[in-house]
Amino acid sequence: MGVPVLLTEDDECYFIFEWRTSVVCPEKTIRGTNFTSCNYTDNSSDIHFNLFLLQRTRMESYYEVTDGNSSYLLNICATLENSHFENCKDAGICKIEGNKTNNYGIAALQKITYDGQRFRLAFYDGDDCPSDVKAKLTSEVLFVCNPFVGKGGPVIHKKYACMTVFLWETSLACQKLQNPCAFDIDSSHFDFNLLSSSSYNFNTSDNKNTTYYINLCHGIQQTVNTFGCSPTTAVCMVDPEGLSLGMVETMKVKSFNSTDLLLTFESGDSRACSTVSSDKNLKPITRLFMRCGSKLGHPRILSGPDNKCFYDFVWESSLACSNLAVEVILEKDGIIKNPKFDYSLDLRDILDQTFIVNETSVSGQYIYRINLNGVFRNSSDSRNACFKAAVCQTKPHTNFMRDVGSVDSRTFVMRGSELHIKFVSQTQPCGSNRMKNVTTVINLHCVPTAGIGSPAFVYESGDCDYIFDWKTIVVCPDFCKKDPHSKPTSPHSQPDPFKDEGLSGHKVEIAVGVIIALTILMVVAFVFAKRSRRAAISSKFQSFYTAENLLYFRYRKDETVTVEFPNESSLAKD
């Protein structure tokens, strides 16, 4: 739903509010013929629906729903080519009745819509309808949220002459929109958005191999390991079924011991307290102690449940440190290194692109040309008003051009999960504040589903600041993004956010050192194994320290010659 935000006010009591909400967005319809990922996303309302986990593979080729003497075969995100029914090869849904088969819709012609409560997956252009109506057979699957059934399964909901509707209750259809995940506590700002993912759950295990999943402000995302965990759950225990240890909407944040933050989650599943002896109907409460660390880190369970059914976790993370803005440097290869979280951002995909942004306000219509490396960087016309501009303001159908942000003044600042790029115009002073020049600030936000995205004009302040927002995958850390230009990969592959690249590199260096040392020892052993080699090397070293060339003699015992040594008396005579 969103909330209104005050953007600016002036001395004439003129207030400007902005209200970002999905209420004014039209219903999104998504068509697709690519079944490799089966992810459907509406960026305007942050709706994400992953159907891949419902797909039947070669081991289980399809779902079957019986209806009296007939049955329906269904597959999601794939055709029924493995059903061995010729008429169903390209179908998403097929009806089998005796020796007769009817195609109820081509899988490649599927269409999905979302009405705010349920997803509707429709299949079109099946066989001719057997009734007198000149139409094609079609079918629909209505996916309805039920957080407690896991994958669930289809059942027949309604039947018409040329159409069959199925109802499918599944936890995959449950949508939990992002809760606020940045907090101001004791005059310090903390941003936990990096720990709230729409595609990944953080996890830890105890000494009994019980696994706990945590997703702070977005709720547990449905995977093959988290079925049974409600999407509104922030902390879920899987042993073996998913039990909530605290709901997202109950989260409370406060300072603890002046160094840590304490996050609490309540209203969990009472079954998680079954081992606690108490005459009260206890429900679990999760206490997550956030401790300032040097990396993004990962959670660890400390204890639980105790006699009050508390489950305690600790998480050492840079996000738990007071969130001050940190200026960072763009390297020549387009990489920004984040020293606080020890990961890098690759801006090469957006540095040289020119983005066009339209704005209509009470003062007229403007078009902004934005290029982070300079709008006219390849031009030699220094008379151009935007010759040095990274952000150029223009008006349609006129020659008006204005530099509202020069590329030479570009600075990059990281604050939590956001990257702020600031441009100060070198040619345009601020009319309302002669102490400064016109300034543009572009705020880039990590949104893994947005692709590269594009900047959007937000407002112009009364102090000549032009503010743009940019939702993009480019500023997301590696564990929650993929190359926006790459083809979809296997949905089963998950990057590991806990992988410590620095530690991995250190291990490689140690391994290389050990191998080199072993090689040297083997060479030394080989050389000194024989007496002749030892003598040769000894002579060689002696030659380094004398100018005289010494003759080299090699002695060996000849078993074929008998040598008679004189006795001591004869030696005495000599």
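Two strands pair if DSSP finds at least two bridges between them; helices (H or I, at least four residues) and strands (E, at least two) are DSSP runs, numbered from the N terminus. The structure is a predicted model, in which local features need pLDDT of at least 70 and side-chain atom pairs count only at pLDDT 80 or more, while totals for chains, interfaces and linings use all residues. Residues are numbered from 1 along each chain as its sequence is written, and side-chain values use heavy atoms, without hydrogens and water.

**View 1. Pairing of strands β27 and β28.** Strand β27 (residues 335–338) runs antiparallel to β28, and four bridges join them. Asn 338 has Tyr 343 as its bridge partner in β28. Within β28 (residues 343–346), Tyr 343 and Leu 345 form the covered face, whereas Ser 344 and Asp 346 form the uncovered one.

**View 2. Surroundings of Phe 192.** Phe 192, Leu 347 and Leu 419 have the most contacts inside the largest nonpolar core, which has 72 residues. A nonpolar core is a set of buried (under 20% relative accessible area, 1.4 Å probe, protein chains only) Ala, Val, Leu, Ile, Met, Phe, Trp, Tyr and Cys residues joined through side-chain atoms within 4.5 Å. Beyond four places in sequence, Phe 192 is in contact (heavy atoms within 4.5 Å) with residues including Phe 183, Leu 261 and Met 290.

View 3. Where pLDDT is low, the predicted coordinates should not be read in detail.

Methods:
Buried < 20%, exposed > 50% of the residue type's maximum accessible area, 1.4 Å probe, protein only.
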